[in-house]
Amino acid sequence: MPYYHQAGAVPPKRHTQHRDPDGNLYYEELMGEEGFSSDSSLLYHRHIPSAVREYRVWELGDQSLVPNHPLVPRHLSTHKLFADGGSGVDAVTGRRLLLANEDVRLAYVVADTVSPYYRSAIGDECLCVEDGRARVETVFGDLEVGDGDYVIVPRATTYRIVPDGTVRVYAIEATSHIGPPRRYLSQHGQLLEHAPYCERDFRLPVGPRLAQGENVEVYIKHRGPGGVVGTVHTLPNHPFDVVGWDGCLYPYVLNIRDFEPITGRVHQPPPAHQVFAGHNFVICNFVPRKVDYHPLAVPVPYYHSNVDSDEVMFYCGGDYEARKGSGIGPGSISLHPGGHPHGPQPGAMERSIGAEFFDELAVMVDTFRPLQLGEAARATDDGTYAYSWEQNR
């Protein structure tokens with residue numbers, strides 16, 4: 001996070017004594033990135049944060065991946081994954097793996113049940129709330145979230161998700177950090193005037209949240225033999241024991257509707273829609289906007305070959321003009337792999353001429369290494385999308 005924040009009680013000077021009203025020392029924890037050479041925060045705990053009473057394996061379920069071979073574009077229908085509406089499912093252990101490579105994993109879940117306490121030891125997470133409301137309780141404090149929210153959770157942050165009814169979440173799990181693109185930031189980390197959002201658009205944790213309890217389980221996703229594995233730690237004391245914290249590393253929320261679209265007389269390229277960046281991937285979004293206003297403009301995208309990337313589009317609202325006639329709708333995911341030129345379905349170019357506004361909402365992830373298919377992708381691939389550009393088929 002590019003700017004400093006403080007919550008709760010912290011001492012006037014870092015790495016000095018901080019005591020409770022009875023004179024007992026709090027336990028200072030430095031949570032820092034890149035070997036403590038980048039963003040960090042200091043957290044002050046009531047109990048020793050290292051203490052573990054028991055541990056066991058967390059079986060993550062089917063994490064198998066298969067190559068996208070033969071190489072074809074695909075249409076996945078995430079709304080087919082939870083036929084029971086997410087009854088009894090939580091938003092951590094219930095995630096189903098769609099697509100993944102060495103840099104990022106894309107998963108989907110429909111949940112109505114409180115999740116266990118959880119942290120990722122692999123990388124930052126971007127939780128895209130498609131629909132519903134929830135409270136994300138974290139060691140830094142609480143975040144109230146709803147549809148259209150991006151929830152950025154730094155690596156190693158302990159949190160849980162408490163749905164208010166049923167919530168749909170598209171989870172982008174990185175093996176790196178996720179943040180604003182560097183071109184949006186000054187050398188000191190302030191969002192610049194040309195950025196499509198600013199610090200006022202961020203929502204920060206309210207708290208800190210203090211809880212009591214013993215023998216509290218925390219589910220940890222981490223690297224292991226053959227890929228991603230899980231462990232459960234049983235802690236003697238509740239992990240939400242932070243009386244105060246300060247720094248530049250913490251979870252936050254940005255709503256997709258606070259992204260100010262960049263438009264022009266002719267069609268703007270995908271980097272104009274970028275919202276976040278990770279290592280070897282970017283996150284973009286397509287929001288309701290005025291479209292190209294050159295007198296001869298063709299408002300839908302031109303056909304394009306992103307020669308270095310696989311492109312994944314998650315359609316979460318509105319009416320995506322370029323995909324009419326393909327069967328794509330809310331909850332759909334399109335995978336356009338590198339090596340396949342893609343663009344509007346037949347007839348979309350002509351239909352778009354004269355349009356002044358597009359009412360669409362989609363989240364795009366472009367990866368710089370090929371994606372493989374998880375079990376959820378294999379279960380929901382319609383098997384026909386590759387043929388949808390052939391006219392008069």
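Started with D149 and R203: their side chains meet in a salt bridge, N to O at 2.8 Å. This is a predicted model, so I keep in mind that the distance is computed from it. I checked where the partners sit: D149 belongs to strand β12 (residues 149–153) and R203 to the loop between β13 and β14, so the bridge ties together parts 54 residues apart in sequence. Next, accessibility. D149 comes out at 4% relative accessible area, so I noted it as buried. R203 has 32%, so that one went down as partly exposed.

Buried or exposed, I asked myself about E137? At 1% relative accessibility, E137 counts as buried.

R289 lies in strand β20 (residues 289–290) and E360 in strand β24 (residues 360–367), so here the bridge ties parts 71 residues apart in sequence. R289 has a relative accessible area of 8% and is buried. E360 counts as buried as well, at 2% relative accessibility.

I also ran across a network of salt bridges, which links R95, R105, E125, E173 and K221. How many salt bridges does a search of the whole structure find? My note says 18.

Last entry, the sheet. I followed an open sheet of 6 strands, paired antiparallel, in the order β6-β22-β21-β24-β19-β18. Which strands stand at the edges? I wrote down β6 (74–77) and β18 (274–278); each has a single partner strand, so one side of each is left without a neighbour in the sheet. From one strand to the next, the twist averages 20°. β24, the strand holding E360, is part of this sheet's order, listed between β21 and β19.

I then zoomed in on the β6 end. β6 pairs with strand β22 (residues 332–336) in the antiparallel sense, over 4 bridges. Within that pairing, I noted S77 standing opposite S332 in β22.

Key: Residues are numbered from 1 along each chain as its sequence is written. This is a predicted model: local features need pLDDT of at least 70, side-chain atom pairs count only at pLDDT 80 or more; totals for chains, interfaces and linings use all residues. Side-chain values use heavy atoms; hydrogens and water are left out. A salt bridge is a side-chain nitrogen of Lys or Arg within 4 Å of a carboxyl oxygen of Asp or Glu. Buried means under 20% relative accessible area, exposed over 50%, partly exposed in between (1.4 Å probe, protein chains only). Helices (H or I, at least four residues) and strands (E, at least two) are DSSP runs, numbered from the N terminus. Two strands pair if DSSP finds at least two bridges between them. Axes are lines fitted to C-alpha atoms, for helices over the stretch in contact, and angles run from 0 to 180 degrees between N-to-C directions.
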